[in-house]
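Please look over this model with me before we discuss it. My notes follow the structure.

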Amino acid sequence: MGNDVVIVYNGTTASVTIPEQLKGTVACSSGTSSDVVLTNTNTTDEVFYHVSGTSTAGSLTINADYKMTVKPNGVSLTSTKGSAIDLACGKRIDVVLGEGTTNSLADLAGGSQKACFNTKGHVELSGAGTLNVTGNGNHAIRTKEYLEVKKDVKAINIVKAANDAIHVGQYFEMNGGALTIDKNTVNDGIQVEYETDDNDKVVVDEDNTGAIIVKGGTIDITLANAEDAKGMKADGDITISGGTFNIKAQSNGSRGIQTDGNITIS
């Protein structure tokens, strides 16, 4: 086994297998608890995290100093403490859904977490699997930096969001797959904001465009219970060059698409 960490959930426990060559840089501080906490101080080699199993009181937190790949392979997590998955590295984070698998996440209602699936890093989502996310406490999916959905993704289903369904910094790009945002969303469907620093100043970065870019796939958004909500909202430009859209924004003050920049459809 190379740089592969294997995490398997089983009810209120989880087993974490770390290969010998990584034990000097990758540490699990949660023991056999189903709330898995991993820290990676490796700054030269990418680590791959394989995640499977089921827990109705479980979560995954990974703090790393280098890029990572997380591979959900038929995992079902319901957190009783906060986010179901929380990933932080400030670098590229690949999330690869196992082919043909269904992966379901739900977070704590009334918690202080920023999202059910919360990330700090550049997230690239791929793999021919399905991801179901229930955001009971805040956003369903949040990325501090950009989020790219690759062509081979089968389906992303936002079952519920107590705030925005998908809340992104820098930019959101969709190249394929099917994104469905259910009517149980309290605020916007997809919201993209400029990334800001701790003093709320816009970060100067070529990726920090505040844009929504759609090149392919299917986007199906229903906002039936969200006042003044937007199906797709961007601080920057919205560029559409492919894809199929079905956006229903049915409450007072709601809009299908809104941007502070330009909309280009080609």
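The numbered points below go through the core, strand pairing, salt bridges, the surface and backbone angles.

1. **Ground rules.** This is a predicted model, in which local features need pLDDT of at least 70, side-chain atom pairs count only at pLDDT 80 or more, and totals for chains, interfaces and linings use all residues. Residues are numbered from 1 along each chain as its sequence is written, and side-chain values use heavy atoms, with hydrogens and water left out.

2. **Core.** The largest nonpolar core holds 61 residues. Such a core is a set of buried Ala, Val, Leu, Ile, Met, Phe, Trp, Tyr and Cys residues joined through side-chain atoms within 4.5 Å. Buried means under 20% relative accessible area, exposed over 50%, and partly exposed in between (1.4 Å probe, protein chains only). Ile158 and Phe172 have the most contacts inside this core. Strand 8 (residues 85–96) supplies the largest share, five residues. Strands here are DSSP runs (E, at least two residues), numbered from the N terminus. In soluble globular proteins, nonpolar side chains tend to be buried together.

3. **Ile158.** What does Ile158 touch, leaving aside its neighbours within four places in sequence? Contact means heavy atoms within 4.5 Å. The partners are Val133, Ala140, Ile141, Ala165, Ile166, Leu179, Thr180, Ile181 and Asp182.

4. **Val192.** Val192 sits in strand 18 (residues 190–193). Its relative accessible area is 0%, so Val192 is buried. Tyr171 is 21 residues away in sequence, yet the two C-alpha atoms are 6.1 Å apart. Beyond neighbours within four places in sequence, the contacts of Val192 include Val168, Gln170, Tyr171 and Phe172. Gly210, Ala211 and Ile212 are also among them, as are Lys233, Ala234 and Asp235.

5. **Strand pairing.** Two strands count as paired if DSSP finds at least two bridges between them. Strand 7 (residues 68–78) and strand 9 (residues 102–106) run parallel, joined by three bridges. Ser76 has Ser104 of strand 9 as its bridge partner. Strand 9 also pairs with strand 11 (residues 130–135), again in the parallel sense, over five bridges. There, Ala106 is partnered with Thr134 of strand 11.

6. **Thr54.** Thr54 belongs to strand 5 (residues 47–55). A relative accessible area of 45% makes Thr54 partly exposed. Setting aside neighbours within four places in sequence, Thr54 contacts Tyr9, Asn10, Gly11 and Ser76.

7. **Salt bridges.** How many salt bridges are there? The count is eleven, where each is a side-chain nitrogen of Lys or Arg within 4 Å of a carboxyl oxygen of Asp or Glu. Side chains of opposite charge can pair when their charged atoms come close. One network of salt bridges links Glu46, Arg92 and Asp94.

8. **Lys150 and its partners.** Glu124 and Lys150 form a salt bridge, at 3.7 Å from N to O. Glu124 is in strand 10 (residues 115–126) and Lys150 in the loop between strand 13 (147–149) and strand 14 (155–161), so this pair ties together parts 26 residues apart in sequence. Glu124 is buried at 18% relative accessibility, while Lys150 is partly exposed at 27%. Lys150 also forms a salt bridge with Glu148, with the closest N and O atoms 3.3 Å apart. Glu148 is buried, at 11%.

9. **Lys144 and Glu145.** These two form a salt bridge, with the closest N and O atoms 4.0 Å apart. Lys144 is partly exposed at 26% relative accessibility. Glu145 is buried at 6%.

10. **Surface patch.** Ile257, Ile263 and Ile265 make a nonpolar surface patch of about 280 Å². Patch residues have over 30% relative accessible area and no salt bridge; like charges are joined within 9 Å, and nonpolar side chains (Val, Leu, Ile, Met, Phe, Trp, Tyr) within 5 Å. Areas come from the Shrake-Rupley method with a 1.4 Å probe, and for residues only the protein chains shown count as cover. Ile257 lies in strand 24 (residues 255–259) and is partly exposed at 34%.

11. **Positive phi.** Gln170 is not a glycine, yet its phi is positive, near 75°. Gln170 lies in the loop between strand 15 (166–169) and strand 16 (171–174) and is buried at 1% relative accessibility. Asp200, also not a glycine, has a positive phi of about 65°. Is Asp200 buried or exposed? Asp200 is exposed, at 62%, in the loop between strand 18 and strand 19 (211–214).

Definitions and conventions:
Helices (H or I, at least four residues) and strands (E, at least two) are DSSP runs, numbered from the N terminus.
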